[in-house]
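Biologist: Please take a close look at the aromatic side of this model, meaning the ring pairs and the charges placed over rings. I would like to know where the partners sit and how far each part can be read.

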Amino acid sequence: MFQQIAADEPPPEGCGAFVVIHEKHTCKTNEIKKLLKKATKRPRPYLFKGDHKFPTLKEDGPVVVLYAEMGTKEFVKFHKILSEKAQKEEIVYILRHYVQKPSSRKMYLSGYGVELAIKSTEYKAVDDTQVKGANETKEEEDDEEEKEIDVQGFLFSKLKQMHPDLKNNLKEFKKHLIETTNNMEPLKVWELQDLSFQAAARIMSAPVYDTLKVMKDIAQNFPIRARSLTRVPVDKKMRNEIEENQKHFNEILGIQPGEARLFLNGIHIDLDFHDPFSILETLKLEGKVMHGLHELGIKEEILSKFMRLHIHPTDDSYALDIRHSSIIWVNNIEQDHRYSTWPASYQELLKPTFPGVIQQIRRNLYNLVLFVDPVQEDTGDYMKLAELFYHHNVPLRIGFVFILSTREDIDGNEDAGIALWRTFHYIEEEYDTSQAFTSIINMYHEVKDGNVLTVNHVKDVLRSEYPHADIQSILDGHSEYDEGRKAGATFYKKTGLGPLPQALFNGMPFNREEMDAAELETVILQRIIDATGFFQRAVFMGLLNDHINAMDFLMDQHNVVSRINPTILGAERRYIHFRSTSVPFDVEDFSTFSFLDSQDKSAVISDNMKYLTKKDEDALYAVTIWIIADFDKPSGRRLLSNALKHLKTSSHTRLGILNNPSSQIKEDNTAIARGILTTFLTQNNNNLKSFLSKLSKEETAKSLAAGTKIAKFLIPGMDDDTFEKKYNTLGLDLIKTHQMFCQEVLKLLPGQMAVMSNGRVLGPLDENEFYAEDFNLLEKITYSTSAEKIKAIVKEMGNSSKSGSDLIMKIDALLSSLPKTEMRQDAELLKEQHSVIKVDPQQNEPFYDVIAIVDPLTREAQKMAHLLIVLKDIINVKLRLFLNCRSKLSEVPLKSFYRFVLEPELTYGINKHLPSEPVAKFLELPESPLLTLNMITPESWLVEAVNSSCDLDNIHLQDIKGTVIAEYELEYILLEGHCFDVTMGQPPRGLQFTLGTKSNPVMVDTIVMANLGYFQLKANPGAWTLRLRKGRSDEIYRVFSHEGTDSVADLTDVTVVLNNFRSKIIKVQVQKKPDKMNEDLLNDGTTGKKGNQESVTRFSEEIPIEEKEKKSDILNIFSVASGHLYERFLRLIFPQNHDAFCPTSYKNTS
């Protein structure tokens, strides 16, 4: 990947290593300083997720990208200079691997299957051309080909060693035995009936260490093993056990006889979807968890319990609890007379209706809350929208929260918002809420577009509709209609919602795009339709019945919170990792601490951390919160004070502190920090809590700064002598240790604040960003998502309170840091004595628990047998493979030979220097059948045969002398995607994309299909730029957003990085430009004609006459549609390497 990126720079000529500093290149170290001077004035380079970044705290310095080959002199020279600058935080240092002269030798790949299928010869399609020269290949006879498999009882590799003088005779004898053994005469129907059970009996009769190899041999060479299987007797005990297990699996997992499943630690590995590369990723993730838990002392069954915990949030969208007194509800669907004719039973939801119809039920199922400032310009639009829903009897309960001034004595004659509030309450008290709402709407109808509500608008409506009202007494500063005015502002602040206006549907906030007043009506109606499905499921499952209040049911859902804080609820989460330290370290030994790596630093800090809890009791705490701040600064003390407020009401949390000084550490500027740390080290829980509250007050800080001794602030009950002695001898090393941990592990700058919850880092935080309500929310999220489940298992283990609480924190940090996986399934076997292949793991080591279910005579068995052999060789595995046989077969289950190319490790060839290439070898094949070679590769690979000694579609070994050799090449890896027009919600049919690099913008192109907006492009490892094609596509459309890519979502040039052998699927949303809304992409704008005929005509006209004459001997093949499948069809029908055809040129004209 980096090689392609380097080539696109491009590298200076003759340089083995070079640096790029904001678009300037050099391969001379003495020019770096000069290029850095004005680097920040030039465009900053884009950094990829896979870039190797030298660890620094500051990210805003100039970026220096080094392209070099590690280990070379040039690399060492550059690295020394750049690493020194990075350590001084002068630059951001990025390394990308680059080889000046890469080897021309191509790398052989593995991770694919090869099939030799037996063709039906009902009609013959044999290659009648003469293949010359290619069949004179010398047959290889290395030790690898002489497999230790007997041929009718003879081991020919041993015989050749014992009798080397009879080598030719033994070869002829072996050939004779193979020809008589590999009898491929069709089997009778009665011989097929029990063939699967007979294969299982053959496998189970083999030695334990050979069972997987025997299964692989039978499955991959079935056509020549079938005859011998018919003579194998089937043990009745094995048959009965298989049938009992099949019944068991059918009941718990719905698996039928003959079906295949593979479970890795309970995760289902679908072999049709997963390839070796994705399986390797799963192994890495699972291995990280298992080894992490093992390091924490978790073993076997308990380890398996932790692995199976589902601890990730099920839903990323959170709802706010809207059961609050400050919300003014305009209507109540359950009580208002205007809805009295509507049915009240939830069962009405299950009655059939036309699509898009909103059912009218007398329940508060749909609730809209608007947070508005009455004097904002766009408030009128939202009020009119509420009026629209209200007067059209949409089953939507509407509520308002007015955010008003909180000043005590304020005159309604001066503030329109206050005037509106007092008028509303006057009308509500004198008449009713409905009439008050109507009057408010009339006020906004008086406001002209672009203006805001004024006091005069309020007075005009009061005069016209309520002529007897005393306007002055209603609006003045001593109005009796002012009650509850501040509640809305208080509630709004408590919710943590963003800038006004805000809207909540059943507690869920709308994003900024949805808050467009012109679009909000459609968005709300869609939300109602979506919520209807949720309620229908709840009624059907019995979770919602007529005795349950709708609002309580909604607000009791798991995703409802008391405050919306994006820092806590955001999807991106950062965790630190702990490990158990074998050697105890003193946290005050700064010199030793500085040499530890980040995980050991984390372990030392966590093992030496002292905690504050609500009660002075010995208990397990599920949530561990660390406060990181400079406690000698007001902002740090406020954060601590808020945490202490939360602790008064919490029974799940314990609190620890880390000091992160903002300036150089001295005794005079760390008085409060040292006081806090000393209190943690010397005092009991109750005294600690009281003294911390005192130290966090501003008057205490001012007194200490004025020279007052800290002993003056000690409270009754504290151990004064112990405190003073420790305070005077504490020194500064402990604070230095804290500061180093904050900077090197938490990546915080001096003085920055953060909060940690069970290893999750939230920060850096701004001043006044974290309140007591945020700590409540953080505890709720941490406890309900993961900590509660982990605590239950730790409690079973019988750990003590301190070590148990530490263990909960460390396990939570480990498990929560991993990506979300599929639900794990329990696939336990009922019996495993006669029909299960067993491989036991090494003792006292973490192991992968693999359950395989497969019929030995299926396509899945051909692949799975080899895969399990490889897994057994490379990882510590506990394997249970159940032979899920089918009975009463009526046709041959397998009609092909198969090889899976996947090696557990590098193997070396004859010269022992270079690794031997991974290849698929088919030996001892019968010569009579007609065979065809198929490559079964990962879905995203485009492969092509580049060298073959015969027609690979018609291989007849009787007509071929020597060995058949075929060499394939991976030409491209597909980049796939889906594209939609955000305005129309439909695929932009005919839209064209191009893929290229900075230096070559158009290397390949494609067209968006009408079917699901699908498109695909040929690519290779590297960084690519996806653009709209110049012309009609670029003129009419612009890229609106994109997902699954490697660039920022709002960039019009989409960067896509391919850094592995797996397919990448992206999603692109496009939008028509404002002045092109009525343009049609397939219309050229002049003739009005549509279709592909013109484009094909134009394409042919573009080819110059001399080119036409020059290429008259080339067969041009036009594909009416493009795509992976079509290209494969074309290559099968018109093979490019076949002598019978003239040169071919492919054109896709979708």
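Modeller: I begin with pLDDT, the predictor's confidence in each residue on a scale from 0 to 100. Its mean over the protein is 82, and 89% of the residues reach 70 or more. Because this is a predicted model, local features need pLDDT of at least 70 and side-chain atom pairs count only at 80 or more, whereas totals for chains, interfaces and linings use all residues. Residues are numbered from 1 along each chain as its sequence is written, and side-chain values use heavy atoms, with hydrogens and water left out.

The search of the whole structure finds 26 aromatic pairs, that is, rings of Phe, Tyr or Trp (its six-membered ring) with centres within 6.5 Å, called stacked when the planes are under 30 degrees apart, edge-to-face over 60 and tilted for the rest. One of them joins phenylalanine 371 and tyrosine 492, whose ring centres lie 6.3 Å apart with the planes at 45°, so this pair is tilted. It links distant parts of the chain, since phenylalanine 371 belongs to strand β11 (residues 367–372) and tyrosine 492, 121 residues away, to helix α18 (residues 487–495); helices (H or I, at least four residues) and strands (E, at least two) are DSSP runs numbered from the N terminus. Both phenylalanine 371 and tyrosine 492 are buried, which means under 20% relative accessible area, with exposed over 50% and partly exposed in between (1.4 Å probe, protein chains only).

Tyrosine 431 and tyrosine 466 also form a tilted pair, with ring centres 5.3 Å apart and planes at 40°. Tyrosine 431 lies in the loop between α14 (416–430) and α15 (433–446), and tyrosine 466 in the loop between α16 (455–465) and α17 (471–475), so the pair ties together parts 35 residues apart in sequence. Tyrosine 431 counts as partly exposed because its relative accessibility is 45%, whereas tyrosine 466 counts as buried at 5%. Elsewhere, ring pairs link Tyr366, Phe505, Phe534, Phe535 and Phe553 into a cluster.

As for charges over rings (NZ of Lys or CZ of Arg within 6 Å of the ring centre and within 35 degrees of the ring normal), the charged end of arginine 239 sits over the ring of phenylalanine 197, 4.6 Å from its centre. Lysine 601, in turn, lies over the face of phenylalanine 593, at 5.7 Å from the ring centre.
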